[in-house]
Amino acid sequence: MPDFDTLSPEEQRKSLLHLISEHCAGASLEGNTLHYTGQALHVALEFGQIHRRENRFSAQLIFILKHDWFDEELVESCASLGDSLEDAMKACTAEFSESVLKSVLYSLDNPDSETITSEIIGKKYKFHVPEQHLVLHKGKGKHLDPWEIVKDKIPEYLGTKRVYWIKLFSADMGEKQFCEARINGIVYPDLTDLLYQELLSRTDRQVSINKLFIVLIQDTETYEPCPFTKQNVGDLAFLALDKMTDIADEASRNKTFQEIAKFCPDYSIAVELIAFLPEIVSQSVVNYRDNDSLIPVFDYGKPEYELKKSQVRSYGYMADAAEQYLRKHQPSREEVENLLRISGKFETMSRAMRDENIKIEDLRLSPLVYFVSKNYRVW
């Protein structure tokens, strides 16, 4: 067999996919995709960054998983080191197979597991939690199970989607610590704080890394198909952002919001576009730590409900669309400033930094409050 380095990219891809199928049996290779027919799961990979420093290689592989139950692709990036390019890439496939793919397959194969229940404005949703989960541990420090730390809070983050994938990472490198809690690819700072608190509370700390990937599937008893897709929301977000960049004063703001409400086929999506997009752009541009929560207020009454952003699926769709919009359209400085001007959080943050001399990293912003009518429905 020829050296891995001499293979074409397509041959390298097929070789790596074959390795994945050896780690997790049951797949057939069709073209550039692994098909797990029994679980109706499709796995593909793309090449990320590759670096060489003297005789060491670093490689990044990006894995893409598709399933009819996923409302969007599950994308996982893995990076590893090796004495050769082949070794580095093999390490990536091994880590992905052990930490992510096995967890996905296990959840798809074991529907009759224990359940947890979430609630959104009076409606309950039941999710299956896998009875087994694998924590990847490295280092001399004690094993830490991230799931045990956050599991009591997880129901607050589950919404109407059929599937939620949760990635928990905790690393203690001595002088520096790094933790991260992601749900369907998005970081949630308040949930992440729980991992930091546990890590820093330990008196017997040593260098260690603990990583966990776990998949929760909603029961058919409570699941309802969503009437819109990520693409639908993304298209509407692009239209809305185009109009919002022209807002210059209160009159044009009101007119623009009325226009957005008219071209949206769904009242709830219209309300969310107007409430969420300016805040999403603000956070993306300034990169401050935001709050995980949203508070819808019905008919200008008293706040009764608190939601997490992960429970309102359009928030994640809009966040992805806004990132693409800023990257592809590259709005002018004036247009970006127009978007920031209609962000309540940006105004609050600017005032605190200007008048109270608070550093941006020390800011702790409140949940986003938005006003809705009785017709509002969370998807």
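This is a predicted model: local features need pLDDT of at least 70, side-chain atom pairs count only at pLDDT 80 or more; totals for chains, interfaces and linings use all residues.
The points below take you through the helix, the charged pairs, the cysteines, a surface patch and a few loop residues.

**Helix α4**

- Helix α4 runs over residues 189–201, and its 13 residues should span 18 Å at 1.5 Å a residue.

**Salt bridges around Glu 76**

- Glu 76 forms a salt bridge with Lys 167, and the closest N and O atoms of this pair are 2.9 Å apart. Lys 167 belongs to strand β9 (residues 163–172) and Glu 76 to strand β5 (residues 74–82), so their pairing ties together parts that are 91 residues apart in sequence.
- Both partners in this pair, Lys 167 and Glu 76, are buried.
- Glu 76 also meets Lys 211 in a salt bridge, at 3.9 Å from N to O. Lys 211 lies in strand β12 (residues 208–218), so this pair connects β12 with β5 across 135 residues of sequence.
- Glu 76 counts as buried because its relative accessibility is 4%, and Lys 211 counts as buried because its value is 9%.

**Other salt bridges**

- Lys 309 and Asp 290 form a salt bridge whose closest N and O atoms are 2.8 Å apart. Lys 309 is in the loop between β14 and α8 (313–329), whereas Asp 290 is in the loop between α7 (267–286) and β13; the two are 19 residues apart, and the pair links distant parts of the chain.
- Lys 309 is buried, and Asp 290 is buried too.
- One network, held together by salt bridges that share partners, joins Asp 71, Glu 72, Lys 161, Lys 230 and Asp 320.

- A disulfide is a covalent bond between the sulfur atoms of two cysteines.
- Cys 92 counts as buried, with 0% relative accessibility.
- Cys 264 is in no disulfide either, and the nearest cysteine sulfur, that of Cys 226, is 14 Å away. Cys 264 is buried as well, with a relative accessible area of 9%.

**A nonpolar patch on the surface**

- Tyr 300, Val 369 and Phe 371 make a nonpolar surface patch of about 350 Å².
- Tyr 300 sits in the loop between β13 (293–298) and β14 (307–308). Its relative accessible area is 67%, so Tyr 300 is exposed.

**Loop residues to look at**

- Asp 299 lies in the loop between β13 and β14. Asp 299 has a positive phi of about 50° although it is not a glycine, and it is partly exposed, with a relative accessible area of 49%.
- Ile 121 is another residue other than glycine with a positive phi, near 45°. You will find Ile 121 in the loop between β6 (114–120) and β7 (123–129), where it is partly exposed at 24% relative accessible area.
- Asn 32 is in the loop between β1 (28–30) and β2 (33–36), and it counts as partly exposed at 32% relative accessibility.
- How many residues apart in sequence are Asn 32 and Arg 13? They are 19 residues apart in sequence, and their C-alpha atoms are 7.3 Å apart in space.

How values were computed:
Residues are numbered from 1 along each chain as its sequence is written. Side-chain values use heavy atoms; hydrogens and water are left out. Patches are made of residues with over 30% relative accessible area and no salt bridge: like charges are joined within 9 Å, nonpolar side chains (Val, Leu, Ile, Met, Phe, Trp, Tyr) within 5 Å. Accessible areas come from the Shrake-Rupley method with a 1.4 Å probe; for residues, only the protein chains shown count as cover. A salt bridge is a side-chain nitrogen of Lys or Arg within 4 Å of a carboxyl oxygen of Asp or Glu. Helices (H or I, at least four residues) and strands (E, at least two) are DSSP runs, numbered from the N terminus. Buried means under 20% relative accessible area, exposed over 50%, partly exposed in between (1.4 Å probe, protein chains only). A disulfide is a pair of cysteine sulfur atoms within 2.5 Å. The expected span of a helix is 1.5 Å times one less than its number of residues.
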